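Please read them with the model open.

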Amino acid sequence: MSRTVNIADGMALPAIGQGTWYMGESPDLRRQEIAALQAGIECGLSVIDTAEMYADGGAERVVGEALQGRRDRVWLVSKFYPWNAGVVDAVEACERSLQRLRTDYLDLYLLHWRGNIPLEETIRAMEKLQQQGKIGRWGVSNFDTEDMQELWQAPGGTACAANQVLYHLASRGIEFELLPACQARQLPVMAYCPLAQAGRLRRDLMMHPALHEVAQQQDISVAQLMLAWVIRQPGVMAIPKAGSVTHVRENAAALTITLTDEQLMRLDSLFPPPQSKQPLDVV
């Protein structure tokens, strides 16, 4: 059975979506990136996450092209810079994103990280965008527990529909405090970089002998193992980037993988859960 995550109003979304960080940076890869996103939609990965920051709007343009004729099949997410979190700037930033995405609304609009603009003003901006029909829901990204508590206490703050944070097998800090706090409020957590940030850490994980051993038990790849591990948590959605059709199909297949208790214990022994509060990991 494919895993899902309930968003506001009880809507069930697939627990794996499509990330777009680093898309739109190379014209030579544009057609391949568009094909990957469209293949993901065909595989049921209906959540696509992007941001005005990614390739300075280039990723949104790639998504916009991929969405032609498919917009009604996608739950579209974008993010705005913290310096665009005021009432006027947020509306203008949203309009620019919509133009690049070639659509007239976003399903979810996220504050990319916290800045100096008061949360109350950002909430008012999101409410204005909702009233204008430009966004369905709003949320935040890179908010730690204290930030979420402050947000929830602000007027209108409980309408926050998601928190997007770094979370993967080698970065489990949110499990101690932030994730339980979000789960208690039934607030979905979107895990970015669920396969670890590209670089040495990801290479080390993909080559880890013990991870290969566990993956072989399930006849899956290490990447699928890591995705299945992330979405084992209730209310957690993974949004990996897939730059090829083959990769996105592999990601989609992870929706139906269930790890055994023994396998989860083995992974806990390799990458222990946190025993105390840790600073929020960000990249």
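1. Gln164 has Met190 in E9 as its bridge partner. Asn163 is bridged to Val189 of E9. In total, 4 bridges join E8 (residues 163-166) to E9 (residues 189-192), and the two strands run parallel. Strands are DSSP runs of E, at least two residues, and helices are runs of H or I, at least four, numbered from the N terminus. Two strands pair if DSSP finds at least two bridges between them.

2. This is a predicted model: local features need pLDDT of at least 70, side-chain atom pairs count only at pLDDT 80 or more, and totals for chains, interfaces and linings use all residues. Residues are numbered from 1 along each chain as its sequence is written, and side-chain values use heavy atoms, with hydrogens and water left out.

3. Val189 and Ala191 point one way from E9, Met190 and Tyr192 the other. All four are buried (under 20% relative accessible area; exposed is over 50%, partly exposed in between; 1.4 Å probe, protein chains only).

4. On to the next strand. E9 and E10 run parallel, joined by 3 bridges. Val189 has Val236 as its partner in E10.

5. The open sheet has 8 strands, ordered E3-E4-E5-E6-E7-E8-E9-E10, with parallel pairing. E3 (18-19) and E10 (236-238) are at the edges with a single partner strand each, so one side of each lacks a neighbour in the sheet.

6. How many disulfides are there? The count is 0, taking a disulfide as two cysteine sulfur atoms within 2.5 Å. For Cys160, the nearest cysteine sulfur is that of Cys182, 8.0 Å away. Cys160 is buried, at 6% relative accessibility.
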